[in-house]
Amino acid sequence: MKAIQTADLSSIDNYAPVDLPMPQPGEGEVRIKVAACGVGFVDALVALGRYQVKPPLPHVPGAEIGGLVDALGPGVTGYAIGERVLAQVRGGFAEYAIAPERAISRVPDSMSMNQAAGFRVNYGTALHGLRDRAALKAGETLVVIGAAGGVGLAAVQVGRLLGANVIGVASTEQKRAVVAGAGAGATLDRDVDGWRDRLKALAPKGIDVVFDPVSGPLLQPAFRSLGWGGRYLVIGFAGGAIPALPVNLPLLKGAALIGVDYRQFGAVFEAGAAARELDELLAWVSKGDLDVPVGRTFSFGKYRESLEYALSGDGAGKTILVVDPGLV
């Protein structure tokens, strides 16, 4: 089996193709023939050992895949060989991957494998954050920072489906056009100077929720723009350095700074709730309510370029590594 692997996380250049034994599914596990693997900002950080959770070595990148069920371990009864599935795995940069049955979902007929490979974490994070953590209500105004990224676009779409008025913040005109196409009612640049005034012109009555996977220079201006009882969702730190927030601001506004950790929500504390929400999201896809955008795609041989591109933040949507073009 071909896979992309390294024993040294210091550089993307250390990754190289290797031949590994065919993995065998154990009790309650499924082997999946990988069609495509999602490559997000966090995947690139993990690949370089820069994420808060370090992977064991040797490391094969990739945590989300779309593919076909290839073999069933003992005790697996919910799937059949050949079914189209998406899954959470370790080592998606490979021709085959193993996943526990509980981490697998069927792919709707209307969904491509490229869409499936970038779906689970981004859309799960968006729904969990907006509904469970922020209690977003229909008619409220939602600001999504980093709206052109994979999780940002998911938040724009999910926020719209929950009935919010969505303002998407992105750095370039091209990205803002993508954000508008995903359903944002308005878009805004991210230049700090005069940003609050430009936001107020779009939302003169104030804003209710901020969804922020960047946590960069706009954190304070955006938090100060919240109305009474506003909720600010901290999703991640794609901006690099972690900014500070004066603690008097939540007091003065009766507002909340809320952390959203989908990894712990789904894998540690509330796996059942996460599974139900994923089923709900996939039902939206089946009904045509949710059309998942695909970011830039890379062939299997361009694995280094895919990691570098995901790390750069230059693209719109989630980057995809196509492992088997015959299956996508």
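Six strands form an open sheet with parallel pairing, in the order E10-E9-E8-E11-E12-E13. Strands are DSSP runs of E with at least two residues, helices are runs of H or I with at least four, and both are numbered from the N terminus. Two strands pair if DSSP finds at least two bridges between them. The edge strands, E10 (186-188) and E13 (256-259), each pair on one side only. The model is predicted, so local features need pLDDT of at least 70 and side-chain atom pairs count only at pLDDT 80 or more, while totals for chains, interfaces and linings use all residues. Residues are numbered from 1 along each chain as its sequence is written, and side-chain values use heavy atoms, without hydrogens and water.

Strands E8 (residues 141-145) and E9 (residues 165-169) pair in the parallel sense over five bridges. Valine 143 stands opposite isoleucine 167 in E9.

Angles run from 0 to 180 degrees between N-to-C directions, and axes are lines fitted to C-alpha atoms, for helices over the stretch in contact.

| Helix | Strands touched | Angle |
|---|---|---|
| H3 (residues 120-133) | E8, E11, E12, E13 | about 150° with E11 |
| H6 (residues 195-202) | E8, E9, E10, E11 | about 175° with E10 |

The axes of H3 and H10 (residues 271-287) come within 10 Å and cross at roughly 110°. H3 is therefore roughly perpendicular to H10, a term for angles of 65 to 115 degrees. Residues making this contact include Tyr123 and Leu127 of H3 and Leu281 and Trp284 of H10.

Key:
Contact means heavy atoms within 4.5 Å. Angles under 35 degrees count as roughly parallel, over 145 as roughly antiparallel, 65 to 115 as roughly perpendicular and the rest as oblique.
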